[in-house]
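Student: I would like to go through this model by question and answer. Please start with how the terms are defined.

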Amino acid sequence: GGNINIGSDWLLDKPDEFINNKELPKGLSPRLKPMHSLYQQWANEHQAEPAIFYFIESLSRKYFYNRNSDVDTKLYYEDYLQKLAQSKYDPVKAHAVYQLCLLWNNKGNNYSNSTNDNEYNYQRYNSVKFDSSFRYYYIKALNLFEQNTSLLDSFYYLKNNLLVMKLEIESKILNIKNQDVYLPDEPILYQVQFKNITTLHLKIVKLNSFDIQQYPAKLRMKDLISAASINTMSIDLPVEKDFQTHAVKIETGSLPIGYYAVLYSDATIEEGNKINFFTISVSNIAIINNEDRLYVLHRKTGMPLNKANVLVKYAREYKGPIIDAPIKKVNAAGYSIVKERNIFKTFVMYGTDTLRVGLKESSVEMPEEVFDEEYEDLLEYYEENTTLLLFTDRAIYRPGQTVHFKGILLTRNP
């Protein structure tokens with residue numbers, strides 16, 4: 001029952017019907033007729049050798065499939081390969097097993113849009129999407145390979161490629177997505193993406209040197225491993241025996257104001273194990289810059305942090321030596337003027353709270369309104385010259401948490 005896509009009819013033919021058809025099999029493009037005739041002639045030269053004859057037939061189907069692989073064709077080709085994998089001829093069966101393993105492995109790759117780098121990594125927060133219809137295809141590919149290892153011993157090239165596939169499927173992946181800045185004394189959330197890992201080990205080290213904030217490349221893994229920790233923990237991850245990459249949110253408790261390195265691994269944090277790290281800041285400071293104005297605000301309340309200090313490190317000439325500009329004070333209106341160019345790094349300091357911030361340098365181009373642009377009324381003027389900046393106290397929230405946000409409306413004086 002069901003509707004058949006005429007473009008895939010040729011995959012429903014039995015092997016003898018397909019390769020011996022004097023006419024072009026139904027559903028194939030007329031431009032493919034010369035290739036079908038060539039495969040037909042090649043197969044007919046081996047009529048007395050069934051293993052070779054049917055192997056050539058399977059090669060011809062693969063050739064035409066690669067040139068006509070719409071959604072329906074993929075389904076019919078998968079069904080064709082499963083039938084072919086029961087062949088009594090070893091070359092035909094091995095070829096079908098090989099193609100089916102690769103097909104199922106590719107389907108398994110579609111389970112999630114997360115990174116599949118075979119290494120530890122950390123990323124900024126982005127959503128991860130999953131399609132459960134592809135979840136168990138890695139298992140199907142591995143099982144089919146394991147069931148046919150003896151057969152594949154006679155086909156080294158095929159087996160070697162499938163062993164590479166097996167290593168990739170069984171490889172470990174550990175990614176942590178984090179914010180750059182967290183609020184003090186509030187739970188810190190991370191999103192962990194993991195594959196074939198059951199336990200996450202974490203070590204949190206406070207970095208006291210202001211020099212390290214300026215030059216984070218000076219951080220050395222060896223020093224971090226041996227440094228005293230603020231917190232160490234082992235977190236059991238959900239056990240998923242499908243070889244897929246999964247994601248889970250974890251909470252590590254709050255931290256006081258400061259700059260930290262977070263070390264992580266699927267093994268204990270000690271030399272000799274595969275370990276990675278990233279840095280985070282815990283701060284009440286938030287900044288927004290608009291042209292030369294650097295607004296310094298409380299990250300949670302949105303109120304101006306008057307009298308905060310701003311240190312700008314810049315070069316007077318492009319790629320020149322880095323120098324410190326005089327310390328700037330945030331005024332009563334909540335901002336400081338930053339006119340330096342070639343900025344290397346900027347730090348905002350408020351009491352014991354220090355935050356390294358990135359600034360977008362203002363354009364040196366003259367604004368459009370300098371050129372006597374005419375507006376019919378103030379409404380039209382403000383429609384083109386008004387900007388609304390919104391920011392929240394954090395990037396990741398748990399269900400039920402309160403979202404604190406603030407908006408700043410900026411416009412030019414007409």
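Tutor: Helices (H or I, at least four residues) and strands (E, at least two) are DSSP runs, numbered from the N terminus. This is a predicted model, in which local features need pLDDT of at least 70, side-chain atom pairs count only at pLDDT 80 or more, and totals for chains, interfaces and linings use all residues. Residues are numbered from 1 along each chain as its sequence is written, and side-chain values use heavy atoms, with hydrogens and water left out.

Student: Where is leucine 390 placed, and is leucine 390 buried or exposed?
Tutor: Leucine 390 belongs to strand 18. Buried means under 20% relative accessible area, exposed over 50%, and partly exposed in between (1.4 Å probe, protein chains only). Because its relative accessibility is 58%, leucine 390 counts as exposed.

Student: Why do the buried residues of helix 6 line one face of the helix?
Tutor: In helix 6 (residues 137-147), the buried residues are Tyr137, Tyr138, Ala141, Leu142, Leu144 and Phe145. The arc is that of the directions from the helix axis to the C-beta atoms. Seen down the axis, the buried residues of helix 6 line one face because they fall within an arc of 165°.

Student: Which helices do the buried residues of helix 6 pack against?
Tutor: Contact means heavy atoms within 4.5 Å. The buried residues of helix 6 pack against helix 4 (71-84), helix 5 (90-108), helix 7 (149-152) and helix 8 (156-170).

Student: Which residues is leucine 59 in contact with, leaving aside its neighbours within four places in sequence?
Tutor: Leucine 59 is in helix 3 (residues 50-65) and counts as partly exposed at 22% relative accessibility. Leucine 59 and tyrosine 39 are 20 residues apart in sequence and 8.5 Å apart in space, C-alpha to C-alpha. With those neighbours left aside, the contacts of leucine 59 are Tyr39, Trp42 and His95.

Student: What is the strand order in the open sheet of five strands?
Tutor: Two strands pair if DSSP finds at least two bridges between them. The pairing in this open sheet is mixed, and the order is 3-9-8-5-6. Strand 3 (181-182) and strand 6 (231-236) are the edge strands, each pairing on one side only.

Student: Which residue in strand 9 is the bridge partner of tyrosine 182?
Tutor: Strand 3 and strand 9 (residues 276-282) run parallel and are joined by two bridges. The partner of tyrosine 182 in strand 9 is valine 282.

Student: What is the phi of glycine 351 in the turn?
Tutor: Strand 16 and strand 17 (residues 353-357) pair in the antiparallel sense over five bridges. These strands form a hairpin with two residues between them, and glycine 351 in the turn has a positive phi of about 65°.
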